[in-house]
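Thanks for coming. I have one structure to go through today, and I will keep it short. Let me put it on the screen.

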Amino acid sequence: MADDVPSPPPEAPADAGRRRLLARAAIGGCACVGAATLLGPAGVALGPLFQGDDGPKDGLPVALGPVSAFKVGAPPVRVVLRADERDAWSTRKNAPIGSALVQRTAENVGRNVGFTVLSGVCPHLGCAVDYRDDLSRFHCPCHGSSFETSGARVETTEGGKPNPSPRDLDPLDYDVVNDRLVVTWVRYATATAERKKVGA
Amino acid sequence: MTAAGPRRGGGGAARRVLDGFEARTGLFGGVKTLLSTEVAGGARFAYALGGVLVFLFVIEAITGVAMAAVYTPSVAGAWGSLHYLEHQVVLGSLVRGIHYFASSAFIVVVVLHMTQALLYGAHRRPREATWIVGVVLLLALLGFGITGRFLRMDQHGYWDTRVATGVMGSAPGGDILKTLMLGGQRYGSEALTRFYALHVFVLPGVFGLLTALHLAFARRHGPKPRPGAKPAPSQPWWPYQTLRTVVLSGVVLATLIALTLLVGVGLEAPADPASAYEARPDWYFRFLFQLLHYLDGPLALLGTVVLPGLAVVFLIATPFIDRRAPGEGPSKRTLIPYALMLVGVATLTIVSFADDAGNERFQKAMAEADEATATAEQMIALGGIDASGRIPLFEGLELYRDKGCAGCHDGTKTPSPGLAGYGTRQRLEAFLAHPNGEAFFGKTPLDGKMDAVEAEGDARIALVDYLRSLGGHAEGSAASVERGAAAFVEDCTDCHNAPALVAGMKDYAVDAAGPDLAGLYGFEWTRAVVRNAGHVTAYGGSLDKDEAKKAMPSYEELSDEELSRIVTWLLAGAPGAKR
Ligand code: FES
């Protein structure tokens, strides 16, 4: 005990109840002050759960260039989708927002006719799927998901392993506008058997 | 020297001040008590592992703060600031290297520390709390690894994080965790700042606090001697144990520095969400990556949640599974599962690396990634990084490849001019000498449309000086330009149109077939040519209908910005063009 503090008189028994009451008040006080302090930071931390998605808006049409660039019978190509993007506080023109796998299937083209257009995002865990001509299939380099050129999931992949992808590749809507192929970009949740939009 | 307390001797006044300070703060005494803690059974190198871990934490903190003085946690700034740190900041790459390798060393030493504790029975009564806090520390450590990688914003860090968080999101309830970590659904600005906050504030805070608890608990019970060790007299921590800890820490630090200098961390090309990249996690997560290779579909849950969950539960419960007395040797009930776990993790890790080593496609992809990194470096050396964090020449080159320009210009299948050195004086000189060479008009529809320039010596230099001056490149003297202009009027105006740049010279506005050379190799001139090379004022004037069909198409769909990027790249000499 420090030598400049006089020792207190012993507590009177009558004070015990008062002490308990004050203790409760102190606990309550701590809880209130603590909660008030944490309220703001908790909002920032948990906000994304209640906020809509801020990403490139789903349903964004992206022009992929003249239809004549895609020939019937040619193998599928992987095209980078570029669009104006909003990322939190910043906007960016012509940012690469994703990729699509495109194959022309018929001479006659139009709204959702004549092409196979698939999202290049692997339904397994989101790596980038590419076309492999040695397999004549779409293939994901990360865990080896494999798909027919139609996008259909194959049961066993190269090497006889089961396909890790829970579903087929995700088709994207497209249209032909002024002789240009325009794709509607949508992001789908990965790792689910059912196809649902991200954030939906 | 004694561990603490005012030094003996010296002036009485100094002594009095120190004594007074000690009476008011008790600092010396406190330190002395800490340092003189008895080490039961005497100091051991085995006990130094914990000290090394504290040392590693301090290293991470110090190098982390040093990096934070440069690193910019924004999508625009992250990669560029790290590139700057790595290449320009004095000793920056050393600091980053130590930080990176120390995180790996952390994992290694933690495993050694745990194994040792298990063998010595240091998890048993009364040290259970120390052990459990230790396990939680290990988990926090893995959190550092996950959050740190993304901060690099290079291909490697970006894609690894996408896959790692993808795994997380696939677990039940993991979606919420993932949303919270990313601040949404995307791997952009908010994800970066959140990872930064976690890596730099939250985790160090949690880790520091837990470390303090771990140390306090450990100190309360002292080190646990090896079961069956001959009883030996105890020694104070200072200097016996201290020295051993310092020696081991020195060895570790030397290893970190050696790794930095010999291997280095590297920074891959900036993250490109549209690229196809073969993601692989850091080595200490490889086992999980490999495990997920085997466990697909409905079994995936086993790999993402069940097995890792069981492992964590097992580790936390170890002190209670083990029923032996504190002084006894290791218990089979804990040692066998623990050893199996280690062997499993090691095997999976080795298999994963071996798989990749034998996978030609993966090797090729890695080589491609290295090449992209080298290209980015080259483009930065030539054209820098702009304020929005982009590498203009790299983006120009990528557009050149993406937009199909490279398809013709990089190869020789479709006859087309090579572009290497585009817009430079040397290339212009070479062109004038051999306009129909392979690198220029040869075999293209323009083959034979232009004759080689015959002028030699000064006359030729003068002509080039004049042509260069058209696009604003003042390379020759006024007299030389004037002389070149005169020669141009004399020999070239049958086909070419060019403005009078020289005082007193007539403005030749002939209706010429060849390209209009006003502004030759200037920004606007080049833009117009790329946009529509077949225009009458460009190369179209000298082509008939059939020839025009075989010539370069117009690129109307390029946005102005894309066009500018390609032209910026072209006028930098088209670095990275194959020919
Ligand atoms: S992310 Fe494509 S197979 Fe796993």
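I will start with helix 13 of chain B, where the buried residues are B:Thr334, B:Tyr338, B:Leu348, B:Thr349, B:Ser352 and B:Asp356. Bear in mind that this is a predicted model. What do those buried residues pack against? The partners are helix 5 (92-120), helix 11 (286-294), helix 12 (300-321) and helix 14 (360-383), also in chain B.

Now the length of helix 13 of chain B, which covers residues 332-357. With 26 residues at 1.5 Å a residue, the helix should span 38 Å, and its end C-alpha atoms are 36 Å apart, so the two figures agree. At the start of this helix, B:Ser331 has a side-chain oxygen within 3.1 Å of the backbone nitrogen of B:Arg333.

Next, the interface between the chains. Here 45 residues of chain A are in contact with 40 residues of chain B. The buried area between the two chains is about 3400 Å², and carbon and sulfur atoms give 53% of that. On the chain A side, A:Pro48, A:Leu125 and A:His143 supply 15% of the area buried against chain B, more than any other three residues.

How many salt bridges cross the interface of chain A and chain B? The rule finds two. B:Arg186 forms a salt bridge with A:Asp87, with the closest N and O atoms 3.1 Å apart. Between chain A and chain B, five residue pairs are in polar contact.

Several elements of chain A give two or more residues to the side that touches chain B, including helix 1 (15-46) and strand 2 (77-87). Strand 3 of chain A gives the most, with seven residues. By class, that side of chain A has 20 nonpolar, eleven polar and 14 charged residues.

Notes: Residues numbered from 1 in each chain as written. Chains lettered and ligands numbered in written order. Predicted model: local features only at pLDDT ≥ 70, side-chain atom pairs only at ≥ 80, totals over all residues. Heavy atoms only, no water. Contact = heavy atoms within 4.5 Å. Buried area = accessible area lost by both parts, 1.4 Å probe. Salt bridge = Lys/Arg side-chain N within 4 Å of Asp/Glu carboxyl O. Polar contact = N/O pair within 3.5 Å; in protein donor to acceptor, adjacent residues only side chain to side chain. Helix = DSSP H or I, 4+ residues; strand = E, 2+ residues; numbered from the N terminus. Nonpolar A, V, L, I, M, F, W, Y, C, P; charged D, E, K, R; others polar. Expected span 1.5 Å × (residues − 1). Buried < 20%, exposed > 50% of the residue type's maximum accessible area, 1.4 Å probe, protein only.
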